[in-house]
Structure formats: C-alpha cells, structure tokens
Amino acid sequence: MADSFFSNNQIETASLPAIQNIALEPVSARYRMLNLCVCSSVTVAILLMLGLLLYQPIVRLPEDVRVLLPLLMILTGGVGGARFVYHLIADSKVRFALRENDLVLEQGLFFSTLLCQPILRIQHVELSRGLLQRWAGLASLKVYSAGGAGHTFEIPGLERDVAQKLRHFIVHHSALDAK
C-alpha cells in the first residue's frame, strides 16, 4: 500500500533525448560585425594616441619613454588583433533555442557552455539595449531565475523584434502556468 503513494523509478540514460539534437539558432550577424568594429576602432584609437604622443613636436619626451612607446604600440596592436580574431570566431558560436518548456543558450570558444533554463523557473526577463545596440537594431535578453542573485544568463546580439517576441513568450508562458 505504501508503494501507491511514492515511486522513484530508475530512468535509463540511453532513453534520454540527446541535447545535441536541439536546433540552435545563431544570434544576429550584426552582433558579430558590431563587436569587430568596436574592437578595431578601440585598437586604432589607442594606436593613434600613442603615435601622436610619440611624434608630437611640442614636448621633448625622455629617451626611455621614446623607446617604450613603440613597444606599447606593438603590444596594443597584438592585443587588438587577438581580440579581433577571438570575436571573429567566438561570436559565431553564440546560439540559442526556445523550446516549449525551456530556453537554451550555447556559447564559448575555449570552454563551451550549454545552459538550459526551465521557463517556469524564470522570475524576470529584461531587454537590454546599449547605444551601439540601439543603433544596430539589436538587444540582449537577460534571464533571471527564481532564487538567483543575478541574471542566470544573457543572450546577446538578438534582433530587437526577436528579443521582444522571446520576452513576450516567456512572460506570458510563465503567467499561464502559474495559474
């Protein structure tokens, strides 16, 4: 008689669906282009400032500073180039999927992360749009889970209307299931 109230049957792991079968959608290509433009612009701006400082005729720089500035320019170019290559590859690996009961995010270049958030555990959804994101027509969707201090994850680089549709679905899905 005690068995009719409680069961804890074992589930065979071979019968579970493979997570790799989820059809993940890439974020907007404009997100990638925006990151590449920002990375390039910052690198070029820093190189220009260092170059102007090195070749300005107003103040005579000490010799050790004159030797150090070209090394800083090489370092800046190397770091900027590395960031450019990183964004070139890593931004294409940001993918997401909305399923009936959960939201999935996959990202990462060196360490791939696959996050799956049940929609019923989502407490708050926020659309975030910075100045450059607004200019490019993009938005980030921040998902906050119940019991968490910060956002569980963020899907960057979504088209604005896609982000609004995702937010609307999640908010109304949670409201319907809470009743």
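Partly exposed, as I use the term, means a relative accessible area between the buried limit of 20% and the exposed limit of 50%. Cys 116 is partly exposed, because its relative accessible area is 40%. Keep in mind that this is a predicted model.

Staying with cysteines: Cys 39 has a relative accessible area of 3%, so Cys 39 counts as buried.

Now the helices. Cys 39 is in α1, among the residues that meet α2. Helix α1 covers residues 29-55 and helix α2 covers residues 63-90. Their axes come within 9 Å and cross at roughly 175°. Angles over 145 degrees count as roughly antiparallel, and α1 and α2 are therefore roughly antiparallel to each other. On the α1 side the contact includes Leu 36, Thr 43, Ile 46 and Leu 50; on the α2 side it includes Leu 69, Met 73, Gly 77 and Phe 84. The residues of this contact divide into 13 nonpolar, eight polar and three charged.

Last, the sheet. Three strands form an open sheet, in the order β5-β6-β7, with antiparallel pairing. β5, residues 122-128, and β7, residues 153-159, are the edge strands, and each pairs on one side only. From one strand to the next the twist averages 20°. β5 pairs with β6, residues 138-145, over six bridges. Take Glu 126 as one example: its bridge partner in β6 is Lys 142.

How values were computed
Residues are numbered from 1 along each chain as its sequence is written. This is a predicted model: local features need pLDDT of at least 70, side-chain atom pairs count only at pLDDT 80 or more; totals for chains, interfaces and linings use all residues. Side-chain values use heavy atoms; hydrogens and water are left out. Two strands pair if DSSP finds at least two bridges between them. Helices (H or I, at least four residues) and strands (E, at least two) are DSSP runs, numbered from the N terminus. Axes are lines fitted to C-alpha atoms, for helices over the stretch in contact, and angles run from 0 to 180 degrees between N-to-C directions. Buried means under 20% relative accessible area, exposed over 50%, partly exposed in between (1.4 Å probe, protein chains only). Angles under 35 degrees count as roughly parallel, over 145 as roughly antiparallel, 65 to 115 as roughly perpendicular and the rest as oblique. Contact means heavy atoms within 4.5 Å. Ala, Val, Leu, Ile, Met, Phe, Trp, Tyr, Cys and Pro count as nonpolar, Asp, Glu, Lys and Arg as charged, and the others, Gly among them, as polar.
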